[in-house]
Amino acid sequence: MIKRIFCSLLLALFALPAFAAFDVAQLMGDLAKLKGGKAKFVEKKYISLLDKPLISTGEMNFTAPDRLEKRTLTPKVETLLLDKDMLSIEREKQKLTINLSNQPEALAFIDSIRGTLTGNRAALEKNYLLHLSGTQDKWVLTLLPSEQKIAALVLRIIVSGSKNQIRSIEYLQADGDRSVMSIEPVELK
Amino acid sequence: MKMTAGRTFLLWLLAMLAGAAIVWNTRFTADMSFFLPSHPTAEQQVLVDQLKEGVVSRLLMLAIEGGEAEQRAALSRDLRGRLAKMPEFVSVQNGEAGSQEADRAFLFKHRYLLSPAISQERFTVAGLKAAIANSIDLLASPAGMMLKPMLARDPTGELIELISGLNAGAQPNSRNGVWASRDGERAMLLVQTQALGSDTDGQEAAINRLRSEFAASAEAAGITNAKLQLSGPGLFAVNSRATIKDEVSRLSLISSIAIIAVLLFVYRSFRLLGLGLLPVVSGALGGVVAVSLAYGSVFGITVGFGAALIGESVDYSIYYFVQSGKTGLAGWRERFWPTIRLGVLTSVCGFGALLFSGFPGLAQLGLYALSGVITAAVVTRFVLPQLSGKHLKMRDLAPLGRQLEKVIPAIHCLRWPVIALALAAATTLFIQRGELWNPELSALSPITQADQNIDMALRADIGAPDSRYLVVINAADREAALQAAEKTGAQLDQLVRQGLIGGYDSPARFLPSQATQAARRASLPAEADLRRHLQAAQQDSPLAAKKLDPFIADIASARHLPTLERATLDNTSLALAVDSLLLQHGESWSVLLPLRPGEQAIDVPALKAALAGTGALFIDMSVEFNKLYNDYLHEATLLSLAGLLAIVALLAVTLRSPRRLAAILLPLVLAVVIVIAGLHLLGERLHLLHLIGMLLIVAVGSNYALFFDRPSLDHHLDPETLASMLIANVTTVIGFGTLALSSVPVLHAVGVTVGPGAMLALLLSAIFVPRETAA
């Protein structure tokens, strides 16, 4: 941590302001300004057993700091609601509620999204090593699980976006399957 | 034939020895059956079975406090490891990952026999297409995460089908991989004992084992401030027994010491004291013997009542010693014995009424007191005179009596104030009649409030099942029971779809009836057919049929899986689930289907309507408990009235004078009213034992009132008699009053009611004694 701060200080000193490297702190600062918003998503899951990717579409609604609603409209209607640490999934009259504080792996997974959405660097760094590349207009944040238990599920998570907008989230799972979610903002708060 | 003193003593001694031998072999219990109905209805029978041997009665909740979260989690894991190996515990759960692996493996292996979705249609082209498409859709959702690794073997999603029916209830919180309280400050475990809930010794052994293993575990881990808190029906039973055991000796000791002190002060002779205690010891022994012979076992609370019996039965020897000193034995028999006998009979009426109670604890108390009083009276009448000889060296109590004689006219002026007081008391009771009674059966329970609070806290933290609503079906054998469970289950499924209930548990979920298993197995297709159907079904699916060879292999092996028996479930926690829901009573079987409420509370009439005519019984345990108590209360009211009537009838027949009858009853009734109002004003919430106490005020108090009646017939009420009444009253008040010190509500209520009631009965009888007979 201290090293990181030291590095960025060093960069700030030596780089010219116009070419200031875009760093994690800045990105987090930008993301934290977002108080919520609504977006459409298209999620593609590439599963080795299946010949074609699975495509689902729907809407996402985020209210900072900890309410995220994901409404899948196709192929089947499903509502996923994350409210603080309670995750509920409603599907065909069935409702499943999970307390995430009981499921540290799942929580780490969720925190990758929530931490990015809210620019919560501490939450992200608890479970992941962060690596940022690109510019403020087109950045790519790579999350590498630092804990074995999470690494056994997901190899890495790549979040890319522009300014404080997340445009895609890609999960590469440990078994080689992956999913890519593209996000199209509809409105911002 | 004239009995000699020696022979009488020998006979008495023999009887005592025989009694002692019976008592020696008697089993003393302190379990819930004290409170459970002896003639239960079908609904109550379920309640009784659940309390005695139901799974809930065998659950112990554990909370580990102190140390850091990681230390608590480590302790929880270590404790689970230790306990799981022990035969005393059937299951030990702490939420550890991996602890459910065996269950999951079992469900997966037997999914084609267990899944309710299995039918011939499931394996047609259309059925396969729909089921597999559904699984693929599920993969798109986070809910499908767990499905993916098994997709090739279970493309129709049978495991999901099975698991979605399970564990829909709230799961406890979790910290560091094990269950924790809601605030995370305690690690939680749920333990099921091998011993039945009604086996208090077994529960005690299990609890001691738990505590010693925890201490060893904490010591091994070097955590000095770790504490174990536990609760559950087993602990309640063990604690209650300890409390009752402790109180029985403590109360009897207090009562004995106080009474012995009074007697020593009065008699100033150890010989008289010893003789005087003879009827008491005989009575106490006789009571236990009678109960033991009639019921086979004796409740600890019953023995606790002995403290009161000591006070009551010592009266007879007091009367004898004090009264016969002047008149001699023959005179006493002729002059006083009839009055004493009548007093004994009124007491018998009072205690005897309890014999008819369906509340076993009450019936035992009645029998115990009844036989104790009769034995004491018989020993006083027939044994005591033989042993004490003709020349009783008794301190002259006439001076005390003469002082009392002076007091009586002086307190006559209190008549109107007493009546006014009683009227005020009656008015208070009438106005506040709605708030007098404690409507809960738990009012009688010896479990302390502190224990109840701990229990509630642990229960909330762990989300332990409360099984308030049950559907019960009876059947002739296991297969019929399981088939009935499936049939009713199908109806309940509809109610779940309608949203009337949230879900239900059924033993048939893990152990389907043989018929159902056979039908499911028969619907599994042959390999060639399955291949053909899959080919057709998966043509346009992203999941190609050629990738489903593991599925085909699993179906082929499932066709030859042996039928599931109860023993197949061994070593999984499902065995426990089945055993707890499928019960055998002798020749017959019953199935319990606990219901879980959905979004809204369960609509009982609608549910009953839905189950009408199916032979399935719907039970709301909480309602049954309250109904049980109300039945007891209702019955106790009737019994008290019957007992009162019997006493009145007995007195009416004996006295043959309405005026004398009224003179005896008036002070007793006033005493009852004043005592009850007093208790109410002191904040005591009345329950059915207070009601019984009222009857006993009349039954016991009449003994004193009768002496005031006696003189009006022929004799003058002499000072010795007055003195003996006072002393007898003091001992009775001490006896019953001691019970008021008890923390066991049953004993406490009788104590606070009868203690002051007996005292008031004497005082009021003296106040209301007719003037011409007073002195």
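**The interface**

The model is predicted. Chain B gives 24 residues to the contact, and chain A gives 25. About 2,000 Å² is buried between the two chains. Carbon and sulfur atoms give 52% of that area. The size of an interface is often given as the accessible area lost when the parts come together.

Which residues of chain B lose the most area to chain A? They are Ala140(B), Lys148(B) and Pro542(B). Together they make up 26% of what the chain B side buries.

Polar contacts also cross the boundary: the rule finds 10 residue pairs between chain B and chain A, both residues at pLDDT 80 or more. Two elements of chain B each give two or more residues to the side that touches chain A: helix α6 (125-139) and strand β4 (173-175). The largest share comes from α6(B), with five residues. By type, this side of chain B holds 12 nonpolar, seven polar and five charged residues.

**Salt bridges**

Side chains of opposite charge can pair when their charged atoms come close. The structure holds 36 salt bridges over all chains. Four are found across the interface of chain B and chain A. The table gives two pairs that join residues of chain A and chain B.

| Residue in chain A | Residue in chain B | N to O distance |
|---|---|---|
| Asp175(A) | Lys148(B) | 2.7 Å |
| Lys76(A) | Asp137(B) | 3.3 Å |

Where do the partners of the Asp137(B) and Lys76(A) pair lie? Asp137(B) sits in helix α6 of chain B, and Lys76(A) sits in the loop between β3 and β4 of chain A, so this pair joins two chains.

**Backbone features in chain A**

Most residues other than glycine have a negative phi, and most peptide bonds are trans. Thr74(A) and Pro75(A) are joined by a cis peptide bond, with omega about 0°. Pro75(A) lies in the loop between β3 (67-74) and β4 (78-83) of chain A. Lys163(A) has a positive phi, near 50°. Its place is the loop between β9 (154-162) and β10 of chain A.

**Cavities**

Rolling a probe the size of a water molecule over the atoms shows where empty space is left. The whole structure has six cavities of 30 Å³ or more. The largest cavity holds about 220 Å³ of space. It is lined by 20 residues, and Leu34(A), Ala39(A), Phe62(A), Leu117(A) and Ile183(A) are the closest to its centre. Chain A elements that give two or more residues to the lining are β1 (36-46), β2 (54-63), α3 (104-118), β10 (165-173) and β11 (178-188). The lining divides into 13 nonpolar, five polar and two charged residues.

**A pocket in chain B**

How much space lies in the second largest pocket? The volume is about 1,400 Å³. Its lining has 42 residues, with Met32(B), Leu51(B), Phe236(B), Ile447(B) and Phe625(B) nearest the centre. Elements giving two or more residues to this lining include α2 (42-53), α9 (233-267) and α24 (621-655) of chain B. The largest share, six residues, comes from α9(B). The pocket lining divides into 20 nonpolar, 15 polar and seven charged residues.

Key: Residues numbered from 1 in each chain as written. Chains lettered and ligands numbered in written order. Predicted model: local features only at pLDDT ≥ 70, side-chain atom pairs only at ≥ 80, totals over all residues. Heavy atoms only, no water. Contact = heavy atoms within 4.5 Å. Buried area = accessible area lost by both parts, 1.4 Å probe. Salt bridge = Lys/Arg side-chain N within 4 Å of Asp/Glu carboxyl O. Polar contact = N/O pair within 3.5 Å; in protein donor to acceptor, adjacent residues only side chain to side chain. Helix = DSSP H or I, 4+ residues; strand = E, 2+ residues; numbered from the N terminus. Nonpolar A, V, L, I, M, F, W, Y, C, P; charged D, E, K, R; others polar. 1 Å grid on protein atoms, 1.4 Å probe; cavity = no way out; pocket = protein on both sides within 12 Å on 5 of 7 lines; lining within 4 Å. Points joined across faces, edges and corners; volume = space filled by probe spheres on them.
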